[in-house]
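This report walks through one protein model, part by part, for a reader who is new to describing structures. Please keep the sequence and the 3D view at hand while reading.

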Amino acid sequence: MKYLLFIGDGIADNSVPELGGKTPIEYAATPTIDALAAKGILGSVKNCPDSLPAGSDTAILSIFGCDPLKYYTGRAPLEAAATGIKLKNGDIAYRCNMVCYEDGDMPFEEKRILSHSAGSIEGDASDAIIKALFADSEFAAAAEKAGMVVYPASSFRHIAVQSGAKAAGMKLIPPHDHLGEVIGSLLPSGSANAETLLSLMKLAHEKLEQLPINAQRRTQGKMPANGIWFWAEGTAVELPSFPENFGKMGGVVSAVPLCHGIAALAGLERVFVEGATGELETNYEGKVAAVIETLEKYDFAALHVEAPDECTHNGDTPGKIKAIENLDSRCMAPLVKAFDERGWDYRILFLSDHKTLTATRGHDGEPVPFLLYDSTVDTRLGLPYSEKNGSLGASYPSGAESCMKLLFGL
């Protein structure tokens, strides 16, 4: 038996008036996923504990069987692990987003945040900008005084590591949950170290506004990366061994560091795909090929696709629908075809990690629908995959206690 975990990041949603009251899943054309659902099992699962932030970090930890109430110290340490960054005792890791603030002469605190990703900035441009910032003599001196270094990540998602500082009392807020809002109440607060981070963010905005690369981006009609945003702070973390817990070795195919970090910490193989971006335009075919190659080596593979989540954060409802349709036509359909051609018996767990709401462009921790399909069983359920139909089936209060057990039939 082969086992596939397929996470469509943020596909779950609430009804959208502009879509005739349907959710994006209900609106999108997903014939392959619906055909599997008609022969499979539908239900719902809560992956984000109420006491923790609703996000891919807490949700995907849960899906992989790691209770975030026990193992979550913050998102950044998970992403740091993806690139081999070793955190020492006393280190704090942060996500350091390249962001776009609105133009204008108003004070920094009165600006609005327009994009959490500087308009989905290209990886090479993002690397060039963050390197130029930390090479600036004034900013470099301030960063050194703060004990901070940065690790460029070839996307808008860089990692910063601070030594000799304290995380206690800090309040750092995810930028993607507050797009279009004035940043004053969203900025780092709660401790002396938070004030240090705020001063770095202010200085970075001053420096980046003057950067020639950003001037070029404006002339090209692109958003400037005129700010950095620290969030997702955390300290060193250890995760339980996935192979020991579930008796299966495998690999994780994804474009985002979070998933590869969880893989590295849980003892799974990190599978990288050239041209995989985490955006709507990504190398779907390369990801499919990587999943098949992984399952030829092992019994388990995980496929994560970020595009629906990013489209929702960007306010791109047609893009979210297209991304969901791509999950069906460019991922699930060729995967099922390849599995059948190889004569494999297989089980698929397909689900959203969390809801990403079209109405707010932010995350929500409510239960999400799952589809469990076993190629050796026809349940004759006859229903398509959707939030509503998921709510008609079994409901699981903890993804950490249920997702992998469902997939492996434990």
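## A covered strand and its partner

Strand 7, which spans residues 227–234, is mostly covered, since 7 of its 8 residues are buried; buried here means under 20% relative accessible area, while exposed means over 50% and partly exposed lies in between, with a 1.4 Å probe and protein chains only. Helices (H or I, at least four residues) and strands (E, at least two) are DSSP runs, numbered from the N terminus. The model is a predicted one, in which local features need pLDDT of at least 70 and side-chain atom pairs count only at pLDDT 80 or more, whereas totals for chains, interfaces and linings use all residues. Residues are numbered from 1 along each chain as its sequence is written, and side-chain values use heavy atoms, with hydrogens and water left out.

Strand 7 pairs with strand 3 (residues 91–101) in the antiparallel sense over 6 bridges, where two strands count as paired if DSSP finds at least two bridges between them. Within this pairing, R95 has W231 of strand 7 as its bridge partner.

Strands of a sheet pair through backbone hydrogen bonds, either parallel or antiparallel. In this model 8 strands form an open sheet in the order 9-8-10-1-11-14-2-15, with mixed pairing. Strand 9 (269–271) and strand 15 (394–396) stand at the edges with a single partner strand each, so one side of each is left without a neighbour in the sheet. On average, neighbouring strands of this sheet are turned by 20° against each other, direction ignored.

Strand 1 and strand 10 (residues 300–305) run parallel and are joined by 6 bridges, and the bridge partner of G8 in strand 10 is V305.

## Helices that pack

Helix 2 (residues 31–39) and helix 14 (residues 317–341) pack at an angle of about 50°, with their axes 8 Å apart; axes are lines fitted to C-alpha atoms, for helices over the stretch in contact, and angles run from 0 to 180 degrees between N-to-C directions. The two helices are therefore oblique to each other, because angles under 35 degrees count as roughly parallel, over 145 as roughly antiparallel, 65 to 115 as roughly perpendicular and the rest as oblique. P31, T32, I33 and L36 of helix 2 make the contact with D328, M332, A333 and V336 of helix 14, contact meaning heavy atoms within 4.5 Å.

Helix 2 also lies across strand 2 (41–45), strand 11 (346–351) and strand 14 (368–374), and runs at about 75° to strand 14. Helix 12 (residues 284–297) lies across strand 1, strand 8 (250–253), strand 9 and strand 10, running at about 165° to strand 10.

## Aromatic pairs

The whole structure holds 17 aromatic pairs, counted when rings of Phe, Tyr and Trp (its six-membered ring) have centres within 6.5 Å, with planes under 30 degrees apart called stacked, over 60 edge-to-face and the rest tilted. One of them is the edge-to-face pair of Y3 and F408, at 5.0 Å centre to centre and 75° between the planes. Y3 lies in strand 1 (residues 2–8) and F408 in helix 16 (residues 399–408), so the pair ties together parts that are 405 residues apart in sequence. Both Y3 and F408 are buried.

Ring pairs link Y3, F64, F242, F246, F300 and F408 into a cluster.

## A residue of helix 16

L406 lies in helix 16 and is buried, with a relative accessible area of 15%. Leaving aside neighbours within four places in sequence, L406 is in contact with R347, F370, L372 and Y396.
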